[in-house]
Amino acid sequence: MPPKKATPKIQESAAEEAKEAEKRKAEGAAKDEPPKKAAKKEDGEAEGAEKETDAPTDKRPALSEPVIYKATDMTLNVVPTAGGRVLMALTEGGMQYLIAGARANVAMKAGRYMFEVKIIEALNPAEAAAGTGRGRAPAPRQLLRMGFSTAGSPTVLGDHDEHVFFDSEGHFCAGKKKTPGTQRFTRDQVIGVVLNLDPKSPNKNTLSLFREGERIAEPQPLPESLIGKPLFPHVSFRNVTIQVSYGPQPAKALPFKCRMLGAAAKADVEVSKASTPKDGKYEVLLPVAFPDEGTFDWLDTFLAAHPDYVELSDRKILEWAAASGMWKPKATNWKASNDKPEFNFGLPGMDDLSIQRVLKNVTPVIPRNYVVMEVKSNLLAADRAEVIQRFSGPSFKKTALVVMGEPNDAFKQLQLEKVLKEKQEKSDTLWRAKKAEEKKKKDMEQRAKQLMEAKRKSEELRKKQAEEARKKAAAAAAAKKKAEAKKKAEEAGEEYVSEPEEEAKDDVKDEDAKMEDAKEDEKKDEKKDEMEVEEETEPPQVELTEEEQKLWFRPVPTGTYGDLAPAVLSQSFGSFTVPEKSEGFDEIKFEWQGEEASKDYLRKWVLEKKKTSRIEDLQPGEWFQEKLKEWMKLFSEWQTKQKVFKNSPAQKEKEAAARKKAEAIKKAAEAGEEPPEDDEEDVQPDVDIFAVEDVCNVGNDEPLFKDFAFEDWALLQLRCELYLLQVAFKKDVKDPDRESVPEAHAAFYYQKYYRKQLTPKAFNVNSLAELTGLVKDSIGWDPEEKVLTTLLDEEQEDFPHLVKLTEDQRRDRQRRIDAGDETARLKFSTLALQPPSASKVPTPAATYRPGMGSVAPKQWGAPTGPMGGAIYPGGMGMRPAGATYGGMGGMGGMGGM
């Protein structure tokens, strides 16, 4: 009998048993084999296994020079001790926030070597309790960075293309890229850094990190920019003390034998020699240059050509703070400048300038070449003497480098390149803003077009649906009509003839034509948009104008501040001098022009600056104060005298007679009769103004100023104030090169002396020139020098003479008015007659009385008593609109401005 066929269940069970047997066989074979991981480790191919091998014996000559730190490759806060094996950092004041940096003198060119670092002390300096508290100290407080850098790169390890390092926070940093590539480490742990430049090694061109002899970071690749360059060991730290070892033996052995850098083969390294001066003296250089005339641009070119010089300036401290991770808001202080930038970190240790104090004490004991960059101080002999005294030790040679006058062609070209670059950047910014605006506008138009298109399509759909409905209705009606016509024809026994449908077809064709036209319009709009897109995609290139090409120095860019704040410059430029050897300098050099040319350039520069700058700290002197008091007393007395005279019975009788006579003349003129003749007793000859000895009594106790109106008193005061201003300015400044008030700063000095504003519009004129034209018999402007001048002799003229000039002008003006010249009539504002404030005490403000509104303080020139003075004499015409006696309404006082 043939064997029975296995059922499906039996077949599945047999297959499962076969698979299970194969699985047990495979597991048994695996037990007999060694572990795969162990096998790969033997072959050096296991994932995560150490690929580095022991260093072979090297019989080449070893490095003979010690690995040290040169002063030029350390930040100024590093204090090396124990022969350079222990590095400390200053932490006084703001120094605690700055990162210290030190680069060794031996660079690796080939091979594989290591060095070790150990944090032996963690510091926690106390921060000052005072301050705004708005600042944020850089984190972390304690920090260590270890790696390599190229020669000449910044001494603080950071986001620089020539830096590569590990930090204590567990990061690997290469250039501007920062990644979490390691574990953290802390105090009392030996940290080894291995640089592998061996081309035969699987870890060639990598940097590795070890803690207590164990790897804590996989080999990290060097940036392409550093491959092939000599790399120097480099450490940076903050608020820690570190021990650095370069061998010959490691403190903690690694999983493989690796030589220390101090025991490297001489052929694998490069030693940076210390540049010791021939005479043993380092140079302290003081650049003496004008503010905003290429000062810092020249310094940058000098430092690029002389990298062994260290700049001592506030701007370098700010750069150091930025490299240390400190954030500072944008300067808002009007006193900020390139020379003295604003320290507004919000941290007392930074803002109290303690860093500058520490550096002044430290730098004289660290022998190296310095550039003391203080724009203002280097131009002042007293400040230069302080620097010379500070670096008076035998290790330094003091040199003044005068950088004045017309620069050389190379520097001019550099300045033009900077001007062009700034102009191009400004043009690019405007171009991008314009393009953004155009894009915004185009997007809005496109959006509007899309909405219109959607609306049009919606309308077309609606029309199409309506048309289809109409056609269906028309077809139904036509069918009904046809049926009725056919029925009638059948009833009448006639043959039915159908009507043509031409009209319906024409309607369809017209509708199709409209749709095609709409599509064509859409295509045209799309082509137009494509053509508009094909516009310029790059900003236009700018060129320098003829005027710009003649520039020696680039102007201060808009939105930035200059080398010196305007107030600082105005206070100090008069004392600027070219340094002399007698000040204590060992040598004086001249960069662009010789000694005589530089001194001449300085003299002309100072003279020109005196014409255009103002003296911010000028204060009125004693002579002016006494004269002002005398004038105010006389002015009040004269006004009182005028009021007393006008209120006398004899004067009132004369005024009544004058009114009666005027009425008689008017009636005679209306009647066409001859006016009555004057009595000989009434006709009084005009007094010779300049022959009057007493302006308060020209005869019969009549004052010369009896007819003064408001405008005359205002002009009298203007004469006196401008006259006193010019004379007092000359006396107070005491500078033969600056004896007159510049027109550009006349309002400033007027406010300084009188504590009120000089307002030409109050006199119904628009400029200072028009204002002085009202008193041209006393005051004017030099047309060439543009300075205030006076026609009066300060030694001979007195205040009564000003009254005579004012009366003479009044009579001349009155004659012109009587002759019909209305242009001679003056119309002043009440603000034309403001009292000067002789002190800083402000005039009392206006008070409020219920039901009466604001009541002004007592008017200047109106003494107490029954016959108080009058600013606006009663009965005298031409009183300004709105003027009142004894005050100026709701304006409050006018003094103390």
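Biologist: Is C258 buried or exposed, and at what relative accessibility?

Modeller: This is a predicted model, and the value is computed from it. C258 has a relative accessibility of 11%. Buried means under 20%, so C258 counts as buried.

Biologist: What is the relative accessible area of C720?

Modeller: C720 has a relative accessible area of 0%, and it is buried.

Biologist: How many disulfides does the structure hold?

Modeller: The general idea comes before the case. A disulfide is a covalent bond between the sulfur atoms of two cysteines. The structure holds zero disulfides.

Biologist: How is a pair of aromatic rings described?

Modeller: Two quantities describe a pair of aromatic rings: the distance of the centres and the angle of the planes. The structure holds 32 aromatic pairs. In one of them, F705 and W713 have ring centres 5.8 Å apart and planes at 55°, so the pair is tilted. Both F705 and W713 are buried.

Biologist: Which residues form one aromatic cluster with F705 and W713?

Modeller: The cluster consists of W631, F635, W638, F705, F708, W713 and F799.

Biologist: Where does the charged end of R614 sit?

Modeller: It sits over the ring of F748, 4.1 Å from the ring centre. There is a lysine case as well: K731 lies over the face of W623, at 5.3 Å from the centre of that ring.

Biologist: Turning to helices, which way do residues three or four places apart point?

Modeller: An α-helix has 3.6 residues a turn, so residues three or four places apart point the same way. As a case, take α16, which is mostly covered: seven of its nine residues are buried. The buried residues are A746, F748, Y749, Y750, K752, Y753 and Y754.

Biologist: What do the buried residues of α16 pack against?

Modeller: They pack against α13 (622-646), α15 (710-733), α17 and β22 (779-781). After α16 comes R755, which has a positive phi, near 55°.

Biologist: In which helix is the place of Y723?

Modeller: Y723 is in α15. Its relative accessible area is 6%, and Y723 is buried. Y723 and L802 are 79 residues apart in sequence, yet their C-alpha atoms are 9.7 Å apart in space.

Biologist: What is the order of the seven strands in the open sheet?

Modeller: The order is β2-β3-β15-β6-β11-β12-β13, and the pairing is antiparallel. The edge strands, β2 (78-81) and β13 (214-221), each pair on one side only. Neighbouring strands of this sheet are turned by 20° against each other on average, direction ignored.

Biologist: How many bridges join β6 to β11?

Modeller: Seven bridges join β6 (residues 112-122) to β11 (residues 190-196), and the two strands run antiparallel.

Conventions:
Residues are numbered from 1 along each chain as its sequence is written. This is a predicted model: local features need pLDDT of at least 70, side-chain atom pairs count only at pLDDT 80 or more; totals for chains, interfaces and linings use all residues. Side-chain values use heavy atoms; hydrogens and water are left out. A disulfide is a pair of cysteine sulfur atoms within 2.5 Å. Buried means under 20% relative accessible area, exposed over 50%, partly exposed in between (1.4 Å probe, protein chains only). Rings of Phe, Tyr and Trp (its six-membered ring) pair if their centres lie within 6.5 Å; planes under 30 degrees apart count as stacked, over 60 as edge-to-face and the rest as tilted. A charge sits over a ring if NZ of Lys or CZ of Arg is within 6 Å of the ring centre and within 35 degrees of the ring normal. Two strands pair if DSSP finds at least two bridges between them. Helices (H or I, at least four residues) and strands (E, at least two) are DSSP runs, numbered from the N terminus. Axes are lines fitted to C-alpha atoms, for helices over the stretch in contact, and angles run from 0 to 180 degrees between N-to-C directions. Contact means heavy atoms within 4.5 Å.
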